[in-house]
Amino acid sequence: MGPSSPLQPIGPLRDGDPRRCGPYTVLARLRESASAVRYLARGGDGAPVVITAPRAPLAELPAFRRRFAAEARTAERLAGGWVPEPLEISVGGPLPWTATPYVPALTLGEAVALAGPLPARAVRVLGAGLAETLARVHATGAVLHGLAPGTVLLAADGPRLTAFGALGAAEAAQARAGGQLSVRLGYLTPEQAAGHEPGPPSDVFVLGLLLAYAATGTPPLADADAIADAEPALGAVPEDLRPLIARCLAKAPEDRPGAGEAAAALALEGAAALARGGWLPDPLTEALDAQAARVAALPAPDDEDTDGRTVRVGRQARRGTAADTAAPAGPVVPRPSAAAAPVPPPLPLPPAPQAPAPVPALLPVPAPALPAPAPVPALPAAAGVSTPSALSAGSAPSAGSPGRGAGPSRRGLLTGLAAGVTGAVLGGGGVLAFTSGDAEPPRTDARPAARPRPAVPGVPPRPRWAHEHPATARSTLHAAVWRDRALVLTTDAHTTAVDLTTGRRLWQAAGAPSAHRALTLADGRLLVAGTDGFRPVSGSDGTVGRPLPYPAGVRLSSVAGRSGTVVWFTGTAASRTYLFAYDTARAEELWRIQVPNGRAPRTPVYEVLALRPDMLVVRQDPASLTAAQVKAAKGLAVFHAHDRATGARRWFRPFGAARPGGAVSGDESGRLYTAAGTGLYAFDTGTRRPLWQLPGTAAFGRARVAGGTLFVADRDQNVHAVDAATGRARWRRGTEAAAGGDVPEVTVGAGGRTLFAADGAQVTAFGAGDGRRLWKFQDAGVRAPGGGDSSAAYSVSVAGAAGVVVRRGRMFYGLPVE
């Protein structure tokens, strides 16, 4: 690349640039934006990293530092997939900074300037990756406001997003009198032009602008007036992409697709899968290779240390003292290394310190670009006044944002956006004013509830909240619902309660860790199975009471079931395994019966499948069956019936052709439903006779009975509703997911009106009465760039009037259903 290259070159450090950030030695400038400079650096292990630090005029503004910290925390919470995970975040020293791993990449603006419009497949990968990230943000009801040609990077394995709010995506950022920070965005949406509050559809509109720009090399709308009134010019957009981009650019927010829908339309298999094997044209691939070679040729850092101290906050180490950055020194002169490989010709050096190079605009520049951002009048905003809507317009709130915090008031925001219609350099950017009185919100892992929106047929309800639970040492995580008020999450480290209405964490009890699901009893008590007994925990405030001790010498293995205040569980004592009945109201053992120890080293796990007034029916987990047990049963599943009062065994026997690993369930009438082959069979556990058979074309999963109707799904992604007593079919519908995947898990809503089928791909909602397909819910998943899709399947917990909880791995969403 010669001097005429459109790329910002890697250049030497300038006077005033940091030479050291925590453990990283800063080596060169990578690129500069309106608010920050990105530097290339190396740590002690020699791996290159990218340091992002504020431009000098802004670093001293308290308002800037708060916004910088908030957006850095948002990046940390979104890390994964197409969002680089911060290595370190430092916000307490003289110069705030973040460090992320270096990946050879070009901004979208650089790529288009270098190679022209991207091929259709590359546009699909770009759009799908961005839409997957937006879907994760929008699931919380927040708005990202981080899309721009200079904030989207193109790497060999897919896109990266580097801005997480108005500050990172700013076209201009200026310090103003009184400690104010004025930020001007480089884009506008129709709703903002009309003076309305932006929402998640605003991000989708900007996504459409970016995709049209990437596909054609020119913006689809000429100016702010065109954004408000004109139809986008999409004639040069590839035909197969045109309908989706046109929908993204719809004037009415409700006419735009959701981010998840856009991601699926662009790459049904996901951006990572579509990008495999290469997705960029040759000129860009060559530019990435050249950039990587120049970074590799940068000198290794001197073997020096810093006296900065490290403060551990969250997942990462954050450095926050004056030692984070050494005093600025003169320009660094690279020292030749005897062992160094031949160095490629240096990239062109930048001129003397000036304003950042302009990023290609989404909209045409109506006047010649200025060498520095034009002064932006500060808005008259009252210090310390902020609203959730203003925060969502300025940046995607962190998982800890309670909805009020650093951000302009809504009135100030809308006034500034309206002013931006006529005053923005890019033909329509909004102006935001952040004052020195901005308040930093307290950090928790709760996320704000989304604003309600009208129901649209086929469109899933917007989650009221989202909660991502942190991983623990052994990564155990179980979920239960307490009194329709709280989602109770038990791990090997602690028990946590999340408010079902808002998604905010209510409490966390370190004194009640458990590898088992919490128990909510008929009398309203909440019990956690600990190592020394069942621990009562207050569902309101998390206070842990004295344990209800297990029988002397007994170690609990697993909970088999519960009814009223009685809990059945398996446990070991003196090298023997027993099935216990335990009355939690009186804290005493009712009975125990010895059961086989199971295949070493497993302790047998039993599950209560059906309850009759006089007995309970259980089955042993097939993974713990000994070879002798399997041989004796001739490969069939064996069920055991025990007297409820004494524990005496009534009978043990197989039912039909049910195998040990087959899906089995029961109901309160004492019926047992077993899957065998491609059929589902019902048995009466009192008479032990078959009742009916439901034929099918693929293996059935576990059935659920509600209101006399049995619901069950099969591996062909069909959901069946039949009369539980007779097996007579009522309706059958497909989930429209790919056949042959996971058998959907069915759950009936608390009101009995909605049925949910959850599998590895989605949650599908049906009307329980008529089988009418209502909607599908998907999040974007968690994908490592260049890696496989998330393997976590969806599941649904019924929460009554507070809605339902959808789970995928460690991510939980509260949906306002029933």
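Visitor: Which kind of link do the side chains of Glu32 and Arg55 meet in?

Guide: Good place to start! Keep in mind that this is a predicted model. Side chains of opposite charge can pair when their charged atoms come close. Here, the side chains of Glu32 and Arg55 meet in a salt bridge, at 3.4 Å from N to O. The pair links distant parts of the chain: Glu32 sits in strand 2, while Arg55 belongs to the loop between strand 4 (48-54) and helix 1 (56-59), 23 residues apart.

Visitor: Are these two residues buried or exposed, Glu32 and Arg55?

Guide: To read this, look at the relative accessible area; under 20% counts as buried. Glu32 has 12%, so Glu32 is buried. Arg55 has 15%, so Arg55 is buried too.

Visitor: Which residues do salt bridges with shared partners join into one network?

Guide: That network is made of Asp17, Arg29, Glu32 and Arg55. You can follow it from Glu32 to Arg29, where the closest N and O atoms are 3.0 Å apart. Arg29 also forms a salt bridge with Asp17, with 2.8 Å between the closest N and O atoms. Arg29 lies in strand 2 (residues 24-32) and Asp17 in the segment before strand 1 (20-21), so this pair ties together parts 12 residues apart in sequence. Both Arg29 and Asp17 are buried.

Visitor: How many salt bridges does the count come to?

Guide: The count comes to 23 salt bridges.

Visitor: One last stop: which side chain does a polar contact of 2.8 Å join to Glu191?

Guide: The partner is the side chain of Arg256. Glu191 lies in helix 5 (residues 190-193), and at 7% relative accessibility Glu191 counts as buried. Leaving aside neighbours within four places in sequence, Glu191 is in contact with several residues, among them His196, Pro198, Ser202 and Lys251.

Note on methods: Residues numbered from 1 in each chain as written. Predicted model: local features only at pLDDT ≥ 70, side-chain atom pairs only at ≥ 80, totals over all residues. Heavy atoms only, no water. Salt bridge = Lys/Arg side-chain N within 4 Å of Asp/Glu carboxyl O. Helix = DSSP H or I, 4+ residues; strand = E, 2+ residues; numbered from the N terminus. Buried < 20%, exposed > 50% of the residue type's maximum accessible area, 1.4 Å probe, protein only. Polar contact = N/O pair within 3.5 Å; in protein donor to acceptor, adjacent residues only side chain to side chain. Contact = heavy atoms within 4.5 Å.
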